[in-house]
Amino acid sequence: MPDTADVPEAPVITSSDPESFPHSVLAERHPALIRRVRDAFPYGPAQHRALDALLKSATEGVIEALDGDAWWEAWGVDEYAGRTWFEVPFLWSESYFYRRLLHAVGHFGSRPWSAPWQGVDPFRPFKLAELAGPEAREEISALDRLAALPLEEQRTALLHGSLWGNRADLGFRIQKDDDEASAAELVADDSDALWQLLTGAGTLVLVADNAGRELVPDLLLVDHLLSHGHIERAVLHVKPYPYYVSDATTADVVDAVRHLTDAGTDHGRRLWSAMADGRIDLRAHPFSCGPLPYADMPDDLRAEFAAADVTVLKGDLNYRRLVGDRMWPPTTPFADVTAYFPGPVAALRTLKSDVITGLAPETEARLVAAEGQWRWRTSGTHALIQVRS
Ligand SMILES: O=P(O)(O)OC[C@H]1O[C@](O)(CO)[C@@H](O)[C@@H]1O
């Protein structure tokens with residue numbers, strides 16, 4: 001089992017409480033996702049049977065070993081085998097669900113002649129529909145207006161575009177009717193500290209989250225930082241395989257850059273050449289699809305983050321992995337729970353799960369008075385920019 005000895009203590013979140021948000025993800029969101037994936041492709045009988053079996057296992061069954069998967073063996077699958085999905089850490093069981101879903105649809109087939117679905121992204125139809133949608137078109141047409149703004153306003157708009165782009169997460173929207181909720185509030189805003197780190201920096205590591213309407217503004221922010229001399233180089237971490245519905249893979253980066261070039265924007269052309277000359281470098285580390293907190297990251301990934309002037313982690317899941325998926329008192333200092341991280345680190349996240357750290361006592365009191373203990377944590381209507389320099 002991974003070593004988490006250095007991480008401060010707070011209860012690890014599981015899905016065992018039927019009234020809790022994590023329970024609803026396993027009991028409602030995962031079955032809904034299986035239905036959507038099943039309906040999105042003309043899968044064959046073997047895949048339908050595998051999806052039926054996954055549905056039963058995920059809701060009524062127990063964790064099963066993943067034969068021959070050395071990564072998942074290292075990540076604890078044999079230790080958890082035989083326990084229900086609801087009693088193991090929520091972070092772990094949610095990741096395990098995506099690993100099992102991909103296996104069920106044949107994504108990992110190992111013999112090419114009998115594995116026609118190998119490499120097919122079961123979430124691709126949803127990702128493509130998002131990029132083709134009216135909101136994505138409007139965002140492209142807003143780029144001309146953006147270019148007319150003073151530079152400081154441009155960079156703030158781009159940072160906020162990248163931050164709130166995180167709300168465009170397809171997994172989250174499976175359970176939400178009003179994904180474009182109008183209420184939007186920053187519960188912590190360390191953007192001044194972030195701009196200090198991003199001024200005259202050598203290397204920015206950006207750990208991406210979702211494809212489509214989140215990745216496009218992420219890339220626009222990187223383009224701005226490169227073009228205006230804030231940074232010399234960006235290393236963009238994406239997932240090695242489809243994950244958490246809309247998480248970005250290399251194919252999604254290609255689609256996002258093409259989306260910008262096809263629209264005839266300079267941003268697209270600049271991003272394309274920055275990838276060609278190495279100023280934007282892609283990574284797809286296996287640990288990016290791991291079920292563990294970053295405190296347990298392997299040495300090569302640690303060295304990569306240590307070499308950066310600043311690492312920016314996008315999204316809710318990366319936040320859970322950064323601070324540990326635990327029921328922290330909300331005023332626990334962000335700097336304490338990220339002290340282990342090798343180098344300056346920032347989180348850009350809309351709140352979509354129970355975990356929260358780094359709130360000012362008055363902010364917590366106001367949120368609880370207005371919405372109780374839980375709602376504001378998962379509704380996607382609040383966001384944060386937190387930095388540990
Ligand atoms: O795409 P994001 O911002 O990482 O959000 C993913 C989040 O969605 C959920 O799967 C459900 O909201 C969370 O458990 C998870 O942290």
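Keep in mind that the model is predicted.

**Two domains**

The protein chain splits into domain 1, residues 21–122, and domain 2, residues 126–388. Taken over C-alpha atoms, their centres sit 26 Å apart. Where they touch, 18 residues of domain 1 are in contact with 20 residues of domain 2. On the domain 1 side, the elements giving two or more residues are helix H1 (21–40) and helix H5 (90–104). H5 gives the most, with seven residues. Sorted by class, that side of domain 1 has 13 nonpolar, two polar and three charged residues.

**Helix pairs around H12**

Two packed helices are described by the angle between their axes and the distance between the axes. Here is how that looks for the two pairs:

| Pair | Axes come within | Crossing angle |
|---|---|---|
| H11 (residues 215–227) and H12 (residues 250–262) | 10 Å | roughly 70° |
| H12 and H13 (residues 266–276) | 6 Å | roughly 135° |

Start with H11 and H12, whose axes cross at roughly 70°. That makes H11 roughly perpendicular to H12. From H11, the residues involved are Leu215, Val216 and Leu219, and they meet Asp252, Val253, Ala256, Val257, His259 and Leu260 in H12. This contact is made up of seven nonpolar residues, one polar and one charged.

Now for H12 and H13, with axes crossing at roughly 135°. This time the angle makes H12 oblique to H13, and the crossing is left-handed. H12 brings Val257, Leu260 and Thr261 to the contact, while H13 brings His267, Gly268, Arg269, Leu271 and Trp272. By class, the residues of this contact come out as four nonpolar, three polar and one charged.

**A look at Leu198**

Leu198 lies in the loop between helix H10 (191–197) and strand E2 (201–207).

Which residues does Leu198 touch, once its neighbours within four places in sequence are left aside? The contacts are Leu204, Leu225, His230, Ile231 and Val310.

For a sense of distance, take Ile63: Leu198 and Ile63 are 135 residues apart in sequence, and their C-alpha atoms are 43 Å apart in space.

Terms used:
Residues numbered from 1 in each chain as written. Predicted model: local features only at pLDDT ≥ 70, side-chain atom pairs only at ≥ 80, totals over all residues. Axes fitted to C-alpha atoms, helices over the stretch in contact; angles between N-to-C directions. Helix = DSSP H or I, 4+ residues; strand = E, 2+ residues; numbered from the N terminus. Parallel < 35°, antiparallel > 145°, perpendicular 65-115°, else oblique. Contact = placed C-beta atoms within 7 Å. Nonpolar A, V, L, I, M, F, W, Y, C, P; charged D, E, K, R; others polar. Domains from an automatic or database assignment. Left-handed = near helix turned anticlockwise from the far one by under 90°.
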